[in-house]
Structures are given as structure tokens and as C-alpha cells.
Amino acid sequence: MVGMSAVGIGVGTATTTTVAATYPLLLSSSSMLGVGLRATTSAGCARPCFASFGRNTLIGGLALTGHRGFASLPEGAQEVGKLVSSATEKMGLGDNQFAAGGFQLALIGGILAGIRVLGSYAIEYFKKKIIVTAEFDSRDESYSWILNWLSDHPYSKKATHFSVSTTIARGAQKINGEGGDSAIAATYFLPAPGLHFFWYRNRLLWLHRERARPAGSTVATSGSAVENITISTIGRSRDLIQSLILEAQRKFIDRDQSRTVIFQADQYGAWRRTKSRPKRPLDTIVMDPKLKNYIVEDAKEFFASESWYAERGLPFRRGLLLYGSPGTGKTSFIHALAGELGLNIYVVNLSSKNLTDDTLSELVSDTPSRCLLLIEDVDAAFVQRESQDAAKGITFSGLLNSVDGVSAQEGRILCMTTNHLERLDEALIRPGRVDVRAKFGKASQLQAKELFIKFYPHVSGTRVDSSVSKEPNNNKRLSAPSNLSETTNYLDNGNSTVSSMTSPAENAINSLSAAQTEALATQFAKVIPDQMFSIAQLQGFLMGYKKSPELAVKHAEKFVRQAGSAEVSGTAKVEYDEETTGKASEKQFYWEDDEEKQGFREEKERERKASLK
Ligand SMILES: Nc1ncnc2c1ncn2[C@@H]1O[C@H](COP(=O)(O)OP(=O)(O)OP(=O)(O)O)[C@@H](O)[C@H]1O
């Protein structure tokens with residue numbers, strides 16, 4: 001079988017069997033041009049032979065009988081036959097039976113194809129006139145709205161052909177196990193691929209869900225398969241389906257009310273929702289309360305003063321630069337700020353090889369008008385690039401143009417973070433691009449105390465896990481980790497290791513009074529030198545004693561001592577700013593290579609085990 005535009009070539013022979021086998025091939029191909037040799041079978045034999053080939057029989061019959069008369073064919077077909085026959089005569093092919101047959105078939109094929117094409121256009125036209133259809137593609141966010149909406153629709157709960165999914169959008173997991181059991185993965189029941197009919201506002205709608213196979217694959221894999229949903233109804237007005245879409249969108253947004261959604265650029269340079277997290281309360285961030293308050297109020301005021309900016313012809317944009325050592329809470333604060341302001345975060349990774357000046361500019365202009373645009377480690381992209389392929393990725397001027405060029409989106413706050421303020425070009429952080437600069441320093445003793453109290457919150461005489469410890473992966477690997485955070489990260493990464501190293505008594509949930517907790521926090525803070533550790537390091541240490549604040553206090557001194565002895569051990573390098581404080585400087589600890597890291601971990605673990613004996 002050949003396609004619509006192909007040329008069909010049929011070869012008829014003297015036997016009726018071959019004619020029957022050949023003509024369907026030729027004629028059902030819808031070819032615009034059919035070339036064939038006319039069968040030289042007897043007229044009497046032709047009709048029974050074609051009987052089993054449906055409508056091709058008629059065409060075959062026309063071709064065969066066109067030269068001899070059409071008495072035995074239906075009236076309409078006779079007319080077409082006569083037309084074909086007279087065209088053949090006019091072409092002067094009447095005497096050559098083979099050429100005439102071929103020409104007739106070509107003509108008939110053309111007419112048939114034309115009728116088909118016109119027919120399908122007509123059907124499409126009438127479909128559009130009486131059926132309203134909306135289409136959703138899994139590469140677009142609206143697809144998640146529809147899946148979310150469908151998962152709650154009564155039809156999905158009773159459909160006998162349904163699919164089960166644990167997620168309806170990347171990063172949009174259901175927030176339960178039903179019954180609140182977070183250990184049970186949440187599930188969505190959705191109409192399976194295929195055709196489904198359901199009711200919406202007393203009108204019948206039908207839904208077609210289709211899963212496209214990735215090119216070159218015979219199996220539709222969920223990872224790469226593109227899905228497509230169409231929802232249709234009879235009528236000429238789009239109102240019903242539009243209101244369904246709006247309802248689905250609202251529902252989806254509502255369910256994100258208590259969450260911060262994070263978007264990242266995909267390989268095509270378009271924003272893609274990657275995850276959503278419960279909003280992080282601002283009071284989980286340990287930092288100078290004045291600074292915290294200043295930034296939050298500044299952001300609120302910014303969003304409330306659009307007309308003020310417009311009246312003065314100023315671009316309605318705000319820039320925030322957070323700088324300081326790794327693990328001091330810059331990223332965490334931005335998440336908390338987004339939660340406080342009810343904004344989503346759009347993250348740009350400047351080191352991405354897929355990012356060019358053009359895609360960055362497009363991404364920035366595609367951000368919604370109220371959001372936080374986050375560029376982390378803004379210094380890193382250009383430093384790395386110098387040593388790699390300078391032709392790849394974005395340029396510095398491309399970055400400048402994107403963040404405040406003419407096409408840059410208005411109404412957003414650009415947040416940049418860096419561990420190295422001194423490496424940033426003045427042009428990038430000049431007023432107008434960066435309006436607020438905030439330094440995130442190492443923990444003061446006061447902050448160490450605050451962290452301790454937050455880490456061991458106290459509810460009705462029973463200790464509960466802090467919000468920090470509810471996020472098991474929040475103890476993310478630092479880009480320049482210290483010896484100590486490495487040790488505790490290591491312990492924290494394997495819960496079994498932690499519990500095997502702590503006695504049942506240590507795991508018992510204590511019920512200290514608030515005053516007792518505060519007293520322990522004060523003891524802890526006294527031991528922790530001012531501005532020596534980042535909050536992440538202290539948090540990493542406390543993670544080793546999740547349920548035992550007393551033990552945390554007991555081991556704190558050793559923790560500090562070990563930090564100081566890291567250089568002596570020769571396994572980690574520590575840069576000291578001896579002249580001034582004798583404490584680790586901003587540059588903090590760094591490791592030579594992985595082997596050193598591993599060796600150090602093992603040594604620390606041995607020491608730790610020995611101390612617990
Ligand atoms: N000031 C803080 N208050 C509360 N938690 C903090 C603070 N600083 C760090 N943490 C905790 O330490 C971890 C790392 O913090 P975060 O990623 O925010 O640091 P950062 O300054 O952005 O680090 P980097 O510069 O390496 O990206 C998180 O789990 C976070 O909860």
C-alpha cells in the first residue's frame with residue numbers, strides 16, 4: 001500500500017486472479033496517479049472476480065469494462081465510466097488496450113483521491129462547526145492542570161480502564177498518603193489512554209488520551225513518551241471547555257497555595273516546573289532579625305509600588321544579592337522569602353552548557369510578572385568558562401542584557417547568590433541591577449543558641465522533630481565542605497549508622513521543659529566560637545544527635561576541637577586568618593581530593609566510635 005502522494009503501479013495480467021489481487025493494491029492506495037496495464041480477461045469473468053474487493057471492485061470494474069460498455073454497472077458508476085472512456089478516446093489511446101487501461105486507472109485513482117481529500121476536508125469542516133475541542137500536551141503545564149482536575153473527577157474514580165500514577169506533574173507529588181501516612185506513596189487514578197465519555201455541568205464530553213511513542217522506539221516509555229489529551233463536546237461555543245480549563249487551573253494553583261514551586265530551564269530553553277516544596281517559614285532561618293525584616297519588608301514594598309515606579313519611568317524590577325560563606329543560609333532564605341511573599345522561584349543555572357545569551361534573554365522575559373528569579377553562584381559561571389570552552393554558554397554582557405535589558409520581565413525580584421563577592425564585576429552589582437546587598441556570615445553564639453532551640457523544639461512536654469529534621473535531604477553537600485560537616489553528613493546519610501552508634505537510651509525522646517532546653521542551648525552556644533562555623537555545619541553536627549540535646553552539648557567541645565585539629569591530621573586543609581582572629585577565614589575548609597575525604601571520614605568515625613565506648 002502506498003501513501004496519498006505516491007504513485008501506484010499495478011500490473012494486470014491475463015488471469016482474473018491477478019487482476020483481483022493487483023487492482024485493490026493500486027486503487028486503495030489513493031494514489032494521484034495510477035499506472036497499469038489493462039487486464040485482457042473476458043468481461044464475463046470480471047464481475048465475480050471483483051466481488052470480494054469492496055469499493056475497489058467498482059473502480060476495477062470501470063477500468064475493465066470502460067472500453068466495452070457499462071450496462072452491467074450501477075448508474076452513477078456508468079456515468080464515471082463513460083467519462084473515463086471518452087477521456088481515453090480523446091487522448092487517442094482507444095486503440096491501445098494496455099495504455100488505455102493504464103490511463104483509465106490513473107484517472108480514476110486521481111478522481112478517487114480527490115474525492116477522498118475533499119471528503120476529509122468536508123468532514124473536518126463540519127467537525128469544527130459542531131464540535132469544540134481543546135488539546136493539551138504533556139510538555140505544557142496546562143497538562144498538569146487537566147490531570148489534576150481529572151484525578152478528582154468522579155469519572156476517574158469509577159472508570160474501569162484507568163491508569164495509576166504517583167505524580168501528575170514533575171515535582172507535584174500529592175501531599176498525603178491518604179490517612180496522613182507519609183510512608184505510603186500518594187496515588188492518582190486517571191483515565192487510561194483511549195477514549196472516555198464523562199459528564200461535566202450536565203453536558204456530555206469526551207476525552208481522548210494518547211501516548212506517543214518516542215521516535216525509533218517500539219515501546220512507549222513513560223520517561224520520554226509525550227502524551228496528549230483532547231477534550232471535546234458538541235456545540236459551537238467554547239465557554240464550557242474554557243470554564244473547565246479555568247476550573248482546572250484554579251484547582252491546581254490552589255493546591256500549590258501552601259507550597260513553593262520551583263521552575264528550571266529545560267534543554268529547549270523553556271521554563272519547566274521541577275519541584276514544589278512546602279513553604280519554608282521565615283522563622284526557620286537563623287539570621288540577624290533586623291536584616292531578615294529589612295529584606296522582607298523591602299520586597300513587600302516593592303510589589304506594592306508598581307505605580308510609583310511607573311510614574312517615575314523606572315523599570316519595575318528589584319535586585320537582591322546575598323553573599324557569604326557556603327552553608328550560611330542564602331538559598332534557604334530565598335526559599336523562605338518566596339514562601340512569605342507567595343511567589344514561585346525560577347532558577348537559572350548559568351553553568352548550563354545549553355544556555356546561550358538568547359535563551360537566557362528569552363527565559364528571563366518569559367518569567368511571570370510576580371516571581372523570584374534566582375541565579376545561584378553567580379560568580380562561578382564565568383570563572384569555569386574561562387578554563388573551558390569560551391565559545392559555549394553565555395557571555396557576561398549577555399547576562400547583563402538579560403537581567404535588565406529592554407525585554408527583561410517587569411515585576412520580578414532578581415536574587416543572586418555568591419560565595420565570593422570580590423569576584424563579581426562591578427557592572428553586575430551596580431545599583432539598579434542590585435538594590436540590596438546582604439552578607440550572610442558564620443554563626444554568632446547567639447545564632448548557635450537560636451539554632452539549638454529551633455532544632456529541639458518542645459511541644460507539650462514531648463520532643464518533636466524540628467522542621468529542619470523533617471527534611472531529610474536538607475543537609476545538602478556544601479560546595480566547600482568542612483571536615484566536620486563531612487563527618488556528620490556521612491553519618492546522617494545512613495540512618496542505620498547513626499542508630500547503631502547510639503544506644504537506645506540516646507534515642508529515647510526526652511521531654512525537657514522549655515527552660516531546660518534553653519539552658520542546654522546556652523551551654524552549647526558558649527562552646528561554639530563566634531563566627532567559626534556556618535549554620536549548615538552546626539546543623540550537620542546536631543543531626544548526629546537528633547533526639548538527644550544533652551549529648552549534643554556533651555560532644556560540642558570535641559566537635560570544636562576536631563575542627564581545629566583538621567589541619568594537624570593532614571587530611572584536610574584549613575585556611576586560617578591567623579593575623580586577625582586565629583579562626584578559619586571566609587574561605588573555609590576544602591579538600592584536596594576524594595581519597596583524602598574518604599580517609600578523613602574513616603579516621604573521624606574511628607575516633608567517634610572510640611569516644612562512645
Ligand atoms: N541561617 C540559616 N538558618 C537556617 N538553616 C540554615 C541556615 N544556614 C544554613 N542552613 C541550613 O544549611 C543547609 C544549607 O543552607 P543553604 O543552602 O541555604 O546555604 P547557602 O548559603 O545557600 O550555601 P551555598 O553558598 O553553598 O549555596 C540547609 O539545610 C539549611 O537549612
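Let's start with helix α11, which is mostly covered: 9 of its 12 residues are buried. Buried here means 20 or more other C-beta atoms within 10 Å of the residue's own; exposed means 12 or fewer, partly exposed is in between, and C-beta atoms are placed from the backbone. Helices (H or I, at least four residues) and strands (E, at least two) are DSSP runs, numbered from the N terminus.

Two notes on the source. This is a predicted model: local features need pLDDT of at least 70, side-chain atom pairs count only at pLDDT 80 or more, and totals for chains, interfaces and linings use all residues. Residue numbers start from 1 along each chain as its sequence is written.

Back to α11. Which residues are buried there? Lys330, Ser332, Phe333, Ile334, His335, Ala336, Leu337, Ala338 and Gly339. Next, the span of α11, residues 330-341. Just after the helix, Gly342 has a positive phi of about 65 degrees.

Now the whole protein. It has 22 helices and 19 strands. Of its 613 residues, 33% are buried. A contact means two C-beta atoms, placed from the backbone, within 7 Å. Take contacts between residues at least 6 apart in sequence: 72% of them join residues at least 24 apart.

On to the sheet. It is open, with 4 strands in the order β3-β8-β7-β6 and antiparallel pairing. Pairing requires at least two DSSP bridges between two strands. The edges are β3 (131-137) and β6 (194-200), each pairing on one side only. From one strand to the next, the twist averages 20 degrees. β6 pairs with β7 (residues 203-212) in the antiparallel sense over 7 bridges. There, Gly194 stands opposite Arg209 in β7.

What lies across this sheet? Helix α8, residues 239-255, lies across β3, β6, β7 and β8 (226-234), and runs at about 135 degrees to β8. Axes are lines fitted to C-alpha atoms, for helices over the stretch in contact; angles run from 0 to 180 degrees between N-to-C directions.

Last, two loop residues with positive phi. Asp377 sits between β13 (371-375) and α13 (380-387). Its phi is near 45 degrees, and it is not a glycine. Buried or exposed? Asp377 is buried, because 20 other C-beta atoms lie within 10 Å. Gln531 is in the loop between α19 (514-527) and α20 (535-543). Phi of Gln531 is near 55 degrees, again positive in a residue other than glycine. Gln531 has 17 other C-beta atoms within 10 Å, so it is partly exposed.
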